[in-house]
Number of protein chains: 2
Amino acid sequence: MGAEGHADGTVGKALDVLDMVASHGRPVRFSDLLAQSDYPKATLYRLLQTLTHQGMLALDPDQGTYALGVRLVRLAHAAWAQSSLAPIARPYLDELAAKTGETIHLAQMDLGQVLYVDKRNAARPVEMFAQAGKVGPAYCTGVGKAMLAWATPEALEQALARQSFYRHTDHTLDTPEKLLAELQAIRARGHAFDREEHERGIICCAVPILTRSGRVLGALSVTSTTARTTLAALEDQAGLTKDIAARIAAEAESWRFPEQN
Amino acid sequence: MGAEGHADGTVGKALDVLDMVASHGRPVRFSDLLAQSDYPKATLYRLLQTLTHQGMLALDPDQGTYALGVRLVRLAHAAWAQSSLAPIARPYLDELAAKTGETIHLAQMDLGQVLYVDKRNAARPVEMFAQAGKVGPAYCTGVGKAMLAWATPEALEQALARQSFYRHTDHTLDTPEKLLAELQAIRARGHAFDREEHERGIICCAVPILTRSGRVLGALSVTSTTARTTLAALEDQAGLTKDIAARIAAEAESWRFPEQN
DNA sequence: CCGTTTGGTTCCATTATTTGAAACTTAGTC
DNA sequence: GACTAAGTTTCAAATAATGGAACCAAACGG
């Protein structure tokens, strides 16, 4: 994973190591990390030691393996409650889920990837990969495209560079050109579709969550299956979804910056 | 919160800043952080910049406020799935909750504090970070005492130094001496009680989760209220709880280190 | 039983990064 | 249009990170 760009300073390297540990699904030995990284032995060793001492990693003394530490969980609890839209959006998601009866996703953008921060399952739950905290691709999901469509040129460029354009299904937009054309259509239309571009049989209609100043905060989607409904039927809900998105945005702005106005 | 002890190196300071941002429940301005920290202006500024650049913090360009970044949520997802006992323990917690009908807590130790990593409420279903990720004191909770009772001497010493011994209720063990005596009794007995030591009316019976080598992985508790039941009744469940704890430990060992033996 | 490999830890002189007082630039006030 | 508060940049000195190499310990092999 030398894909890390410019690791600024020691902090960047330390976080890089953190990601490295996270990328394995299980505790890793020192030598595994050493093989994977470009850092010299002593450097990596001290980074691990520091992170462990700080509680960001946990060293299993029996096996000599490193795992992500509990301090991270604690920080994340705060991050989820504070930085994400999830706590603000919760009642609105409930409302949208109740009114549509479909699966709802709330997502935010994280370095070119879609991060699902909350979710409501339909009464008959649609089995999907997405769960709170999980990440997914931006170029082939409704929420991803909705956010890209309203992203700043710089953010869009950065995000594009990070897309794999892997062809998940026949419908996947598998080149930057196709995606850019689609983004324009989405802007014109006001909402994005997922036409089975990521998973066969899964469709959705997604809208961006925008501040008054036009900045993208996240996206909201109503998801279903081709077996249950059609894109046209989902599009009928677009108005309602946009309304909910607007209310989330309004509350986010007033809640996070209550002193303004 | 200058309570941070020895911040080793730049990484320590950066994480310290991260905690500082987390401690406010909402986005903070640079000057707020400056006032709170001992770091000089330029130092703090660059730390914030680095963390922001790394995605650990998010700078709201409109308001100039810092919030915890989404990268943390992503890392946490991995941490929760990997470092904590929660995913392994899930079915066992379900079983224990079903058999006892009481509230169940799964906790781990984090630098002298109890970190709740999963929970079953008597009725409601669970969500991810929503419930997990909270912290509590070690010296006056069942799970905390259960873990301390089997902690290594070094870990115990470190943990003791971090306890506040604040007298939450009449029953709180408010000195290290009382606590140490209690820990001995707990070791002898095999399980810990919370006799309304943290909250009036709340009682529980907790057991440690131990590896074969005797290392503490976490603790498990069955919690109720004095209105609903008694300590003696809870103690009747201790056998079942210990059994569940043993099964969690066994699975944790075989799952996390499948190559051994 | 001893030589060897493997995996992990420590040393230390060199190097590069961090530091922080102060100067500077905005943006907002009166 | 001076005055203030909030944020950003500079630069020499101080400090911390670096990494090659040496070291240690435990497991391995003959």
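**Entry 1: DNA strand D**

I began with DNA strand D and found that 14 residues surround it, the closest being Lys13(A), Pro40(A), Arg46(A), Lys41(B) and Tyr45(B). I note here that the model is a predicted one.

Next I looked up single atom pairs. An N or O atom in the side chain of Thr43(A) is 3.1 Å from a phosphate oxygen of DNA strand D. For Arg46(A), I found an N or O atom of the side chain 2.8 Å from a base nitrogen of DNA strand D. Two or more residues of the surface near DNA strand D come from each of these elements: helix 1 and helix 3 of chain A, and helix 1, helix 2 (30-36) and helix 3 of chain B.

I sorted the residues of this surface by class and recorded 5 nonpolar, 5 polar and 4 charged.

**Entry 2: DNA strand C**

DNA strand C has 15 residues around it, of which Ser31(A), Lys41(A), Tyr45(A), Lys13(B) and Arg46(B) come nearest. Of the atoms of DNA strand C that come within 4 Å of the protein, 56% are accounted for by sugar and phosphate.

Which atoms of Ser31(A) and Thr10(A) lie by the phosphate oxygens of DNA strand C? For Ser31(A), a backbone N or O atom is 3.1 Å from a phosphate oxygen. For Thr10(A), a polar backbone atom is 3.5 Å from a phosphate oxygen. Thr43(B), in contrast, uses its side chain: a polar atom there lies 3.2 Å from a phosphate oxygen of DNA strand C.

I listed the elements that each supply at least two residues of the surface near DNA strand C: helix 1 (9-23), helix 2 (30-36) and helix 3 (41-53) of chain A, with helix 1 (9-23) and helix 3 (41-53) of chain B. Helix 3 of chain A gives the largest share, 4 residues. By class I recorded 5 nonpolar, 6 polar and 4 charged residues.

**Entry 3: The two protein chains**

How are chain A and chain B related by superposition? I found that a rotation of 178°, with 0.1 Å of shift along its axis, places chain A on chain B with an RMSD of 0.4 Å. This is the relation of a two-fold axis. Val11(A) is the residue of chain A that comes closest to the rotation axis, its C-alpha being at 2.2 Å.

I also compared the interface residues. Of those in chain A, 94% are also interface residues in chain B, so the copies meet through the same surface.

**Entry 4: Strands 1 to 3 of chain A**

I traced the pairing around strand 3 of chain A. Strand 1 (residues 28-29) is joined to strand 3 (residues 65-68) by 2 bridges, and the two run antiparallel. Strand 2 (residues 57-60) also pairs with strand 3 in the antiparallel sense, over 4 bridges.

Tyr66(A) in strand 3 stands opposite Val28(A) and also opposite Leu59(A). Strands 2 and 3 of chain A form a hairpin with 4 residues between them, and Gly64(A) in the turn has a positive phi of about 65°.

**Entry 5: Two positive phi angles**

I kept in mind that most residues other than glycine have a negative phi. Phe165(A) has a positive value, near 55°, and is found in the loop between helix 7 (153-161) and helix 8 (176-189) of chain A. Is Phe165(A) buried or exposed? Its relative accessibility is 12%, so Phe165(A) counts as buried, the cut-off being under 20%.

Glu196(A) also has a positive phi near 55°. This residue is in the loop between strand 7 (192-195) and strand 8 (202-210) of chain A. At 15% relative accessibility, Glu196(A) counts as buried.

**Entry 6: Asp94(B)**

The side chain of Asp94(B) makes a polar contact of 2.6 Å with the side chain of Arg120(B). I also noted that Asp94(B) and Ile104(B), 10 residues apart in sequence, are 8.9 Å apart in space from C-alpha to C-alpha.

How values were computed
Residues numbered from 1 in each chain as written. Chains lettered and ligands numbered in written order. Predicted model: local features only at pLDDT ≥ 70, side-chain atom pairs only at ≥ 80, totals over all residues. Heavy atoms only, no water. Buried < 20%, exposed > 50% of the residue type's maximum accessible area, 1.4 Å probe, protein only. Least-squares fit on C-alpha atoms with pLDDT ≥ 70 in both. Contact = heavy atoms within 4.5 Å. Pairing = 2+ DSSP bridges. Near = heavy atom within 4 Å. Polar contact = N/O pair within 3.5 Å; in protein donor to acceptor, adjacent residues only side chain to side chain. Nonpolar A, V, L, I, M, F, W, Y, C, P; charged D, E, K, R; others polar.
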